[in-house]
Amino acid sequence: METVGGDDPTAWALGVLRDRITQQPAYASELVDVLLAVGRDDQAWREAMHHRRWLGGPQWQTLLQRRAVTHPEEVIQPYRDLV
């Protein structure tokens, strides 16, 4: 059993979400949110591209805005798709 203040639970939480996605892909939106929250933007982008249909509009826009800072060429087509 984990103790409060113990090791960072991020890896465990990501593993749980990835397992849940195999059974229910709708959990992809939660996975993307967690990845963004912990600063793993590249991983969030890859997951979002793989599970695009499970992301809501505001979440997708947030992801595009963050990705545009470091990889502007990769967001051109997704922005076009939104229009």
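Which residues are exposed on the other side of α1? The legends below take up this question and two further views. The model is predicted: local features need pLDDT of at least 70, side-chain atom pairs count only at pLDDT 80 or more, and totals for chains, interfaces and linings use all residues. Residues are numbered from 1 along each chain as its sequence is written, and side-chain values use heavy atoms, with hydrogens and water left out.

View 1. Helices are DSSP runs (H or I, at least four residues), numbered from the N terminus. Thr-10, Leu-14, Leu-17 and Ile-21 are the buried residues of α1 (buried means under 20% relative accessible area, exposed over 50%, with a 1.4 Å probe and protein chains only). They lie on the same side of α1, because their arc around the axis is only 65 degrees (taken from the directions from the helix axis to the C-beta atoms). Their cover includes α2 (28-37). On the other side, Ala-11, Trp-12, Asp-19, Thr-22 and Gln-23 are exposed.

**View 2. Glu-47 in helix α3 (residues 41-50).** Glu-47 counts as buried because its relative accessibility is 17%. Leaving aside residues up to four places away in sequence, Glu-47 touches Arg-18, Leu-31, Val-32 and Leu-35 (contact means heavy atoms within 4.5 Å).

**View 3. His-51 in the loop between α3 and α4 (57-70).** His-51 is buried, at 12% relative accessible area. Residues up to four places away in sequence aside, His-51 touches Ile-21 and Ala-28. Tyr-27 is 24 residues from His-51 along the chain; their C-alpha atoms are separated by 9.5 Å.

Definitions and conventions
Helices (H or I, at least four residues) and strands (E, at least two) are DSSP runs, numbered from the N terminus.
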